[in-house]
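The sequence and structure come next.

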Amino acid sequence: MAAMKPVLYSAAISSCSYRVRIALSLKGVEYEYRAVEWNDTDYEKINPIKYVPALQDGDILVSDSLAIILYLEDKYPQHLLLPQDLKRKALNLQIANIVCSSIQPLQCYAVIGLIKGKLGPDESLQIVHHYIDKGFRAIEKLLEGCDSKFATGDEVQLADVFLAPQIHAGVTRFDIDMSKYPHLERFYKAYMEIPAFQAARPENQPDAPSLPQ
Ligand SMILES: N[C@@H](CCC(=O)N[C@@H](CS)C(=O)NCC(=O)O)C(=O)O
């Protein structure tokens, strides 16, 4: 009997879901896409913290994009995202974590929702810009002198899987001027040429919003 496809609980515009979609595509894993509505109370049974993404793979249910991607890395070893070399592996994890812990949570709808009404839209946007800029500048510093095609080499690795959705959100949702971050701007152009990244883009998901994001 054929194995069941993993089920991805996702939202098109969620940058955290976008990371997992890229990893699944790069690894060539076929999956069932299940769009989660923000107000779906049943979803709490899948992920108690109620955030997307989550992945059900057979009897394994895992949520949080980094945990999911590390799970995929062990389960589906095709297109490994973490190199053996300890220095490059550490750099991949560091960049992924800067995006995951020090940028995205500070730009997310939960935080923007909290400050809504207390601050005007311009002030909220300034806060988001501050944290994206802080993170992007740090990553540019870490990559000083880098002349590879992607962040940590000429192959797409974990850092790239986290960078692409973060830059995409920066450009499309927060009007970030990427010319201030020359390495990231160059990688972003390269990511957009890769079919696995294209397939994972928000606008190519079944629940893509019909309005510009
Ligand atoms: N650390 C989590 C964060 C997940 C997260 O913040 N998801 C957002 C979308 S990118 C979400 O579900 N937001 C819904 C809400 O804020 O209620 C991960 O990397 O998966």
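## Backbone features in the loops

Asp-64 counts as partly exposed, because 18 other C-beta atoms lie within 10 Å, and a residue is called buried only at 20 or more and exposed at 12 or fewer. The model is a predicted one. Asp-64 sits in the loop between β4 (60–63) and α2. Its phi is near 85°, a positive value in a residue other than glycine.

His-79 also has a positive phi, near 45°, and is not a glycine. The loop that holds His-79 runs between α2 and α3 (86–107). His-79 is partly exposed, since it has 17 C-beta neighbours inside 10 Å.

| Residue | Phi |
|---|---|
| Asp-64 | near 85° |
| His-79 | near 45° |

A further backbone feature is a cis peptide bond, which joins Val-52 and Pro-53 with omega at about 5°. Pro-53 is placed in the loop between β2 (32–35) and β3 (54–57).

## Overall fold

The protein contains eight helices and four strands. In sequence order the pattern is β-α-β-β-β-α-α-α-α-α-α-α. The radius of gyration is 17 Å, close to the 17 Å that the globule rule gives for 213 residues, so the protein is as compact as a globular protein of that length.

Of the 213 residues in the protein, 36% are buried. Among contacts with a separation of 6 or more, 73% are between residues 24 or more positions apart.

The unreviewed UniProt entry lists residues 4–80 as "domain: GST N-terminal". Over residues 4–80 the chain is 30% helix and 21% strand. The end C-alpha atoms of this stretch are 22 Å apart.

The protein is divided into domain 1 (7–79) and domain 2 (86–197). Taken over C-alpha atoms, the centres of domain 1 and domain 2 are separated by 20 Å. Eleven residues from domain 1 and twelve residues from domain 2 take part in the contact.

Which elements give two or more residues to the side of domain 1 that touches domain 2? They are α1 (15–26) and α2 (65–75). The most comes from α1, with eight residues. By class, this side of domain 1 has seven nonpolar, three polar and one charged residues.

## Surroundings of the ligand

There are 14 residues around the ligand, and Ser-14, Cys-16, Tyr-51, Ser-65 and Ala-110 come nearest. The elements that give two or more residues to this shell are α1, α2 and α4 (109–115). By class, the shell has ten nonpolar, three polar and one charged residues.

Why does the ligand lie between domain 1 and domain 2? Domain 1 (7–79) and domain 2 (86–197) both give residues to the shell around the ligand, so the ligand lies between them.

Note on methods:
Residues are numbered from 1 along each chain as its sequence is written. This is a predicted model: local features need pLDDT of at least 70, side-chain atom pairs count only at pLDDT 80 or more; totals for chains, interfaces and linings use all residues. UniProt positions are given in the numbering used here, feature names are shortened, and annotations may be inferred rather than shown by experiment. The radius of gyration is taken over C-alpha atoms; the globule rule is 2.2 Å times the number of residues to the power 0.38. Two residues are in contact if their C-beta atoms, placed from the backbone, lie within 7 Å. Domain bounds come from an automatic or database domain assignment. Ala, Val, Leu, Ile, Met, Phe, Trp, Tyr, Cys and Pro count as nonpolar, Asp, Glu, Lys and Arg as charged, and the others, Gly among them, as polar. A residue is near a molecule or strand if its C-beta atom, placed from the backbone, lies within 6 Å of it.
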